Amino acid sequence: MKLGEGVEAAIHCAATLAGVAGNSTMPGAALAEAFGLSPSYLLKHLNMLTAARILESVPGPAGGYRLAKPAERITLLDIVLAVEGREPAFRCGEIRRNGPVKIDASAYVKPCGINVAMLKAERAYRAALAETRLSDIAADYAAEGDPRSFAASCAFVARHQRPQKPSSNPQTPKQK
(Lines give C-alpha, C1' and ligand atoms only; values in the text may rest on other atoms or scores of the structure.)
Protein backbone atom coordinates (compact mmCIF):
# COMPACT_ATOMS: atom_id res chain seq x y z
CA MET A 1 0.00 0.00 0.00
CA LYS A 2 1.35 3.40 -0.91
CA LEU A 3 0.10 6.56 0.73
CA GLY A 4 0.41 9.95 -0.90
CA GLU A 5 3.28 12.23 0.10
CA GLY A 6 0.72 14.56 1.66
CA VAL A 7 0.21 12.09 4.51
CA GLU A 8 3.83 12.45 5.61
CA ALA A 9 3.60 16.23 5.42
CA ALA A 10 0.31 16.27 7.33
CA ILE A 11 1.63 14.07 10.14
CA HIS A 12 4.83 16.09 10.48
CA CYS A 13 2.92 19.37 10.56
CA ALA A 14 0.45 18.09 13.15
CA ALA A 15 3.33 16.77 15.27
CA THR A 16 5.07 20.14 15.00
CA LEU A 17 1.89 21.94 16.03
CA ALA A 18 1.69 19.65 19.07
CA GLY A 19 4.75 21.56 20.31
CA VAL A 20 3.18 25.00 19.96
CA ALA A 21 2.49 26.61 23.33
CA GLY A 22 -1.04 27.26 24.59
CA ASN A 23 -3.35 28.76 22.00
CA SER A 24 -0.47 30.08 19.87
CA THR A 25 -0.43 29.40 16.14
CA MET A 26 2.19 28.78 13.50
CA PRO A 27 1.90 30.17 9.97
CA GLY A 28 1.55 27.72 7.12
CA ALA A 29 4.58 29.30 5.43
CA ALA A 30 6.72 28.42 8.46
CA LEU A 31 5.47 24.82 8.39
CA ALA A 32 6.30 24.63 4.68
CA GLU A 33 9.77 26.04 5.40
CA ALA A 34 10.34 23.55 8.21
CA PHE A 35 9.95 20.63 5.82
CA GLY A 36 11.19 22.16 2.57
CA LEU A 37 7.76 22.03 0.97
CA SER A 38 5.98 24.38 -1.39
CA PRO A 39 3.60 26.57 0.64
CA SER A 40 0.82 26.11 -1.94
CA TYR A 41 1.27 22.32 -1.86
CA LEU A 42 1.19 22.24 1.93
CA LEU A 43 -1.79 24.60 2.16
CA LYS A 44 -3.95 22.00 0.41
CA HIS A 45 -3.14 19.47 3.14
CA LEU A 46 -3.47 21.96 5.98
CA ASN A 47 -6.94 22.80 4.64
CA MET A 48 -7.84 19.09 4.63
CA LEU A 49 -6.74 18.80 8.26
CA THR A 50 -8.74 21.91 9.11
CA ALA A 51 -11.85 20.55 7.38
CA ALA A 52 -11.46 17.34 9.39
CA ARG A 53 -11.23 19.41 12.61
CA ILE A 54 -7.73 18.19 13.37
CA LEU A 55 -6.33 21.68 12.93
CA GLU A 56 -7.82 25.08 13.56
CA SER A 57 -7.04 27.95 11.21
CA VAL A 58 -6.82 31.38 12.83
CA PRO A 59 -7.21 34.23 10.33
CA GLY A 60 -5.39 37.53 10.33
CA PRO A 61 -1.85 38.82 10.19
CA ALA A 62 -0.94 37.10 13.47
CA GLY A 63 -2.91 33.99 12.58
CA GLY A 64 -1.86 30.55 11.50
CA TYR A 65 -2.61 26.97 12.46
CA ARG A 66 -2.88 25.10 15.74
CA LEU A 67 -4.28 21.77 16.84
CA ALA A 68 -8.06 21.86 17.16
CA LYS A 69 -7.97 19.38 20.05
CA PRO A 70 -5.32 17.92 22.33
CA ALA A 71 -2.68 15.71 20.69
CA GLU A 72 -3.86 12.84 22.92
CA ARG A 73 -7.17 12.88 21.01
CA ILE A 74 -5.67 12.82 17.50
CA THR A 75 -4.63 9.48 15.99
CA LEU A 76 -2.56 8.76 12.93
CA LEU A 77 -5.71 7.25 11.43
CA ASP A 78 -7.50 10.60 11.85
CA ILE A 79 -4.75 12.30 9.85
CA VAL A 80 -4.52 9.62 7.15
CA LEU A 81 -8.28 9.65 6.61
CA ALA A 82 -8.32 13.45 6.45
CA VAL A 83 -5.74 13.44 3.67
CA GLU A 84 -6.46 10.19 1.80
CA GLY A 85 -10.21 9.94 2.34
CA ARG A 86 -12.27 7.20 3.94
CA GLU A 87 -12.36 4.80 0.99
CA PRO A 88 -10.31 1.63 1.41
CA ALA A 89 -6.97 1.58 -0.39
CA PHE A 90 -8.05 -1.54 -2.33
CA ARG A 91 -11.26 -1.30 -4.31
CA CYS A 92 -12.36 -4.51 -5.97
CA GLY A 93 -13.48 -3.95 -9.55
CA GLU A 94 -14.80 -7.52 -9.87
CA ILE A 95 -12.51 -8.13 -12.83
CA ARG A 96 -13.05 -11.85 -12.37
CA ARG A 97 -16.26 -11.31 -14.37
CA ASN A 98 -14.55 -9.61 -17.32
CA GLY A 99 -12.97 -12.46 -19.31
CA PRO A 100 -14.10 -13.70 -22.70
CA VAL A 101 -16.21 -16.45 -21.16
CA LYS A 102 -19.32 -14.89 -19.70
CA ILE A 103 -20.81 -16.77 -16.77
CA ASP A 104 -24.14 -15.97 -15.18
CA ALA A 105 -23.97 -13.57 -12.22
CA SER A 106 -25.25 -16.35 -9.95
CA ALA A 107 -21.76 -17.91 -10.19
CA TYR A 108 -20.42 -14.96 -8.18
CA VAL A 109 -22.63 -15.00 -5.08
CA LYS A 110 -19.65 -15.41 -2.73
CA PRO A 111 -17.50 -12.33 -2.23
CA CYS A 112 -14.23 -12.27 -4.13
CA GLY A 113 -11.60 -13.92 -1.90
CA ILE A 114 -9.01 -11.36 -2.94
CA ASN A 115 -11.28 -8.50 -1.89
CA VAL A 116 -11.99 -10.22 1.44
CA ALA A 117 -8.27 -10.64 2.15
CA MET A 118 -7.42 -7.08 1.14
CA LEU A 119 -10.19 -5.59 3.30
CA LYS A 120 -9.02 -7.71 6.24
CA ALA A 121 -5.52 -6.26 5.82
CA GLU A 122 -7.00 -2.76 5.57
CA ARG A 123 -8.85 -3.23 8.87
CA ALA A 124 -5.61 -4.34 10.58
CA TYR A 125 -3.69 -1.40 9.12
CA ARG A 126 -6.33 1.08 10.22
CA ALA A 127 -6.52 -0.45 13.69
CA ALA A 128 -2.75 0.01 14.11
CA LEU A 129 -3.00 3.66 13.03
CA ALA A 130 -5.95 4.21 15.36
CA GLU A 131 -3.83 2.99 18.30
CA THR A 132 -1.11 5.58 17.70
CA ARG A 133 -1.85 9.05 19.02
CA LEU A 134 -0.11 12.21 17.91
CA SER A 135 1.00 12.68 21.51
CA ASP A 136 2.76 9.28 21.33
CA ILE A 137 4.70 10.38 18.25
CA ALA A 138 5.74 13.64 19.93
CA ALA A 139 6.74 11.88 23.18
CA ASP A 140 8.78 9.26 21.33
CA TYR A 141 10.59 11.98 19.37
CA ALA A 142 11.39 13.87 22.57
CA ALA A 143 12.62 10.71 24.32
CA GLU A 144 14.36 8.86 21.50
CA GLY A 145 15.16 11.37 18.77
CA ASP A 146 18.62 12.78 18.30
CA PRO A 147 18.92 15.61 20.84
CA ARG A 148 20.30 17.95 18.16
CA SER A 149 17.27 17.36 15.93
CA PHE A 150 14.87 17.74 18.84
CA ALA A 151 16.55 20.99 19.99
CA ALA A 152 16.48 22.39 16.44
CA SER A 153 12.78 21.54 16.09
CA CYS A 154 11.93 23.15 19.43
CA ALA A 155 13.89 26.28 18.51
CA PHE A 156 12.11 26.48 15.15
CA VAL A 157 8.70 26.22 16.81
CA ALA A 158 9.65 28.83 19.43
CA ARG A 159 10.86 31.20 16.72
CA HIS A 160 7.76 30.88 14.52
CA GLN A 161 4.84 30.42 16.90
CA ARG A 162 2.49 33.35 17.25
CA PRO A 163 0.85 33.94 20.63
CA GLN A 164 -2.87 34.62 20.43
CA LYS A 165 -5.01 36.79 22.66
CA PRO A 166 -7.52 34.81 24.72
CA SER A 167 -10.86 34.43 22.98
CA SER A 168 -13.43 36.98 24.12
CA ASN A 169 -16.23 34.77 22.81
CA PRO A 170 -17.27 32.44 25.67
CA GLN A 171 -19.08 30.14 23.20
CA THR A 172 -15.86 29.07 21.48
CA PRO A 173 -13.37 28.11 24.20
CA LYS A 174 -10.22 26.33 23.07
CA GLN A 175 -10.29 22.66 24.08
CA LYS A 176 -7.14 21.54 25.88
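Visitor: What should I know before I start?

Guide: This is a predicted model, where local features need pLDDT of at least 70, side-chain atom pairs count only at pLDDT 80 or more, and totals for chains, interfaces and linings use all residues. Residues are numbered from 1 along each chain as its sequence is written, and side-chain values use heavy atoms, with hydrogens and water left out.

Visitor: How are helices and strands picked out?

Guide: They are DSSP runs, numbered from the N terminus: helices are H or I with at least four residues, strands are E with at least two.

Visitor: How do I describe helix 3 and helix 4 packing together?

Guide: Two packed helices are described by the angle between their axes and the distance between the axes. Axes are lines fitted to C-alpha atoms, for helices over the stretch in contact; angles run from 0 to 180 degrees between N-to-C directions. Here, helix 3 (residues 39–51) and helix 4 (residues 76–84) pack at about 120 degrees. Their axes are 9 Å apart.

Visitor: Which residues of helix 3 and helix 4 meet?

Guide: Contact means heavy atoms within 4.5 Å. From helix 3 come His-45, Met-48 and Leu-49. From helix 4 come Ile-79, Ala-82 and Val-83. The residues of this contact divide into 5 nonpolar, 1 polar and no charged. Nonpolar covers Ala, Val, Leu, Ile, Met, Phe, Trp, Tyr, Cys and Pro; charged covers Asp, Glu, Lys and Arg; the others, Gly among them, are polar.

Visitor: What span does helix 5 reach?

Guide: The expected span of a helix is 1.5 Å times one less than its number of residues. Helix 5 (residues 113–131) has 19 residues. From first C-alpha to last, helix 5 reaches 27 Å, close to the 27 Å expected.

Visitor: Which residues of helix 5 are buried, and why are they on the same side?

Guide: An α-helix has 3.6 residues a turn, so residues three or four places apart point the same way. In helix 5, Asn-115, Glu-122, Arg-126 and Leu-129 are buried. They cover an arc of only 55 degrees around the axis, which puts them on the same side of helix 5. The arc is that of the directions from the helix axis to the C-beta atoms. The buried residues of helix 5 pack against helix 4. On the other side, Gly-113, Lys-120, Arg-123 and Glu-131 are exposed.

Visitor: Which residues other than glycine have a positive phi?

Guide: Arg-53 is one of them, with phi of about 60 degrees. Arg-53 sits in the loop between helix 3 and strand 1 (55–58). At 66% relative accessibility, Arg-53 is exposed. Glu-94 also has a positive phi, near 50 degrees. Its place is in the loop between helix 4 and helix 5. Glu-94 is partly exposed, at 25%.

Visitor: What does Gly-28 touch?

Guide: Gly-28 is in helix 2 (residues 28–34). Leaving out residues up to four places away in sequence, Gly-28 touches Leu-42, Leu-46 and Tyr-65.

Note on methods
Buried means under 20% relative accessible area, exposed over 50%, partly exposed in between (1.4 Å probe, protein chains only).
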